[in-house]
Structures are given as structure tokens and as C-alpha cells.
Amino acid sequence: MVKEEKELANRPDNTAYTQQRLPAWQPMLSAGIVIPGFVLIGLAFIGIGVALFVTSQSIRVLELDYTGVEQNSPCFKCTEDVAKACTCEMKFDIDSLFEGPVFFYYGLTNFFQNQRKYGVSKDHYQLTGDLNNFKDPDEDCFPFQKDSSDKPIVPCGAIANSMFNDTFKLYQIVNGVKKQVPFDGKGIAWWTDYNVKYRNPSVTPLRNAFNSTVKPLYWSRPAYELDTSDPANNGFINQDFLVWMRRAALPDFRKLYRRITEGDYQRGLPAGNYSLEIAYNYPVLGFDGRKKVVLSNVSWMGGKNEFLGIAYLVFGSLCVTMSIVMLVVYAKFKFPEED
């Protein structure tokens, strides 16, 4: 008797909702609906694919590998172990107007920023300006947590320590004279990174917040001096630092370095001879990587991406093909031939 009462108590209420008696609608998919639907979807995807592919073809990309592993490379001299503060120069030509705005990227290959232990090697509280974590960095930063003198490293961790530090200057050669192409480095990082995710300590001047700390082992300057020309572009909201801290998903990637949008180059890079001066600092041969710079413009769909257009074309073609197959099958079995 008691058992029956417990079972009754555990039963859901006798309502249409709890007893699943609500009215339901189930579409009846007939050949007259499915076949035209596949045709329309296929044609829509083919149209989008053509637009994406044609637009991607109009985007111009210029890549220059400056790793220097080849002996005839102008940067070969900088790959020697004894090379310090090495500078190399690469010359190239542009045969027609490189329409702007032009985006200047640096690229790395065989660099796994998505590796799990590398990805967690930072102190989130430290990077939001929490002074309490300056003196005692998170254990996830090990072995880039403290230096040999037991002083805390700020910012700590493998991501910050491995920050890309090659620098570039681009010149247009006009009548044998170098004319520097101005770079715009403002706003190259994500808005959320600059305004929300990373913050500097509320200390003035900023350098005082870093007292009793040391810079990352492979940095040439501390965080509060990353940009000597713009005091506002320092610390954890430095644009180059923010770009690097947003990890890449794949081992071959490129990151935005500067934009070319100012002065005589608002419309883009005119045809002519150019010289790229590179301060070669970042070692990549130790992990069989390569370095390159990429000049590219963009369109309404973003950067050059032929795969996206091809994927739409393939899927649209498959939909149209399947509609034809279904039509043939439907005609064969719905209207059999008479004897």
C-alpha cells in the first residue's frame, strides 16, 4: 500500500504538457517540395559561391619570406648565432597600384600557439592590472614565473615571453631616394582586448607599478617602454602585445602588424620599387619555422579566401545534382513505363 502511494506521488500531473498530449505539426515532405527546395538552395549557394570566388580573386596579396635560410637571401647573415641587432633589407617591385587600404602582416610557420600548456601560461589577474599578482605570479606561468634572482616576471608566462619582436620599415625608392611609407599601428588589436580583457595598473607613472619586478627573459625592453613614441601605447594595452596574446588556432598563421592608410599612400601603394628594412631579432630556425611579411588589401568579405567560395560552389552543385537524381528516381518509380 505504501509502495503504491509513493508511485502515485512520483507520477507527473495529468496535464497535456506533462503527458505529452500537446498538438503537434509534422511536415509531410513530398517530392514536389523536396526537389524544388534542393534546386533553390543549390542555386542560392552557387550564386554566393561565385560572388565570393570572384571577390577573392580581386584581392591582392604579396608575400616575402625573409627567414634567411638560403645563402642568397639578404637576411642569411642574420641567421648566424653570433648575429646581434642584425638588420637586413629586402627589395621588391610593384607593377601596378596596390589598392588600399593595405594591411601589413607578419607570418610564422610551425609555431603552435594552440598548444595547451603554452595557452594557459599566463596570469589573467596580472594582465588586468591587479598589483597583488605582480609579486606572486600564477603557477601556470612556470618556468617564466620568476627569474634566477627570484624576482617576479611581469608579464609572466610563455606567451608573453615569446612575443614577436622583429620590426619593419617600408620605403618607396623614388629617383634613387628612399621615401618612408608611414605605418598606422592604432587599433590593430581587438576592441575587446584593448578595452575589456587587458588593463594597466592604476598607477602613475606606469613604471612605478613594475617596481621590484623584471621584464620577460627574451624582451629587450620592459612592458612600460614597449612604445617609446606613444606613452599611451604601453604596458598590457600595447597594440603589438595584444595582437600577439590573441593566440592563433593553426601552426601557420599571420598577425596584423600595421596598416598603410596615411599621407601619399591613402589610395594604396603606387607602382614602383620598394625596400623593406627588417630588424631581425626573432629566432625561428630552432623549431624549423619560417618568417614572412604579407601585404594585402581586403574586400567586403575580408581577406583573400578562395576556399570559402569553392566550398559554396561545391555544396550548391551537390544540391542541384541531388535534385536531378531525386527527380529521375521519382519519375521512374512514380510513373512506371507501361508494357
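Author: A disulfide here is a pair of cysteine sulfur atoms within 2.5 Å. The model is predicted.

Reader: Are Cys75, Cys88, Cys78 and Cys86 buried or exposed?

Author: A residue counts as buried under 20% relative accessible area. Cys75 has 0% and Cys88 has 3%. Cys78 has 6% and Cys86 has 11%. By that cut-off, each of Cys75, Cys88, Cys78 and Cys86 is buried.

Reader: How many residues apart in sequence are the parts tied together by Cys141 and Cys156?

Author: A disulfide joins Cys141 to Cys156, with S to S at 2.0 Å. Both cysteines lie in the loop between α5 and α6, so the pair ties together parts of the chain whose separation in sequence is 15 residues.

Reader: What is the pairing when the bonded cysteines are numbered in sequence order?

Author: The structure holds 3 disulfides. They are Cys75 to Cys88, Cys78 to Cys86 and Cys141 to Cys156. Numbered along the protein chain, the bonded cysteines pair as 1-4, 2-3, 5-6.

Reader: What is omega for the bond that joins Thr204 and Pro205?

Author: Pro205 is found in the loop between α7 (191–197) and α8 (239–245). The bond joining Thr204 and Pro205 is cis, and its omega is about -10 degrees.

Reader: What is phi of Asp150, and where is this residue?

Author: Most residues other than glycine have a negative phi. Asp150 is not a glycine, yet its phi is positive, near 65 degrees. Its place is the loop between α5 and α6.

Reader: Is Asp288 buried or exposed?

Author: Asp288 also has a positive phi, about 55 degrees, and belongs to the loop between β9 (272–280) and β10 (291–296). Over 50% relative accessible area counts as exposed. With 66% relative accessibility, Asp288 is exposed.

Reader: Which strands stand at the edges of the sheet?

Author: The open sheet has 4 strands, ordered β1-β10-β4-β7, and the pairing is antiparallel. An edge strand here has a single partner, so one of its sides is left without a neighbour in the sheet; the two are β1 (61–65) and β7 (253–260).

Reader: What does the twist average from one strand to the next?

Author: The strands concerned are β1, β10, β4 and β7, in an open antiparallel sheet. From one strand to the next, the twist averages 20 degrees.

Reader: Which residue in β7 does Gly107 stand opposite?

Author: Strands of a sheet pair through backbone hydrogen bonds, either parallel or antiparallel. Strand β4 (residues 102–108) pairs with β7 in the antiparallel sense, over 7 bridges. Across from Gly107 stands Arg254.

Reader: Which element supplies the largest share of the largest nonpolar core?

Author: The largest nonpolar core has 61 residues, and Tyr66, Phe168, Phe241, Trp244, Leu269 and Leu276 have the most contacts inside it. Elements that each supply at least two residues include β2 (86–94), β5 (167–174), α6 and α8. The largest share, 6 residues, comes from β4.

Reader: Which residues is Leu269 in contact with, leaving aside its neighbours within four places in sequence?

Author: Leu269 is one of the residues with the most contacts inside the largest nonpolar core. Its contacts beyond those sequence neighbours are Ile94, Ser96, Leu97, Phe98, Val102, Leu170, Val181, Ile260, Tyr274 and Leu295.

Notes. Residues numbered from 1 in each chain as written. Predicted model: local features only at pLDDT ≥ 70, side-chain atom pairs only at ≥ 80, totals over all residues. Heavy atoms only, no water. Pairing = 2+ DSSP bridges. Axes fitted to C-alpha atoms, helices over the stretch in contact; angles between N-to-C directions. Buried < 20%, exposed > 50% of the residue type's maximum accessible area, 1.4 Å probe, protein only. Core = buried A, V, L, I, M, F, W, Y, C linked by side-chain atoms within 4.5 Å. Contact = heavy atoms within 4.5 Å.
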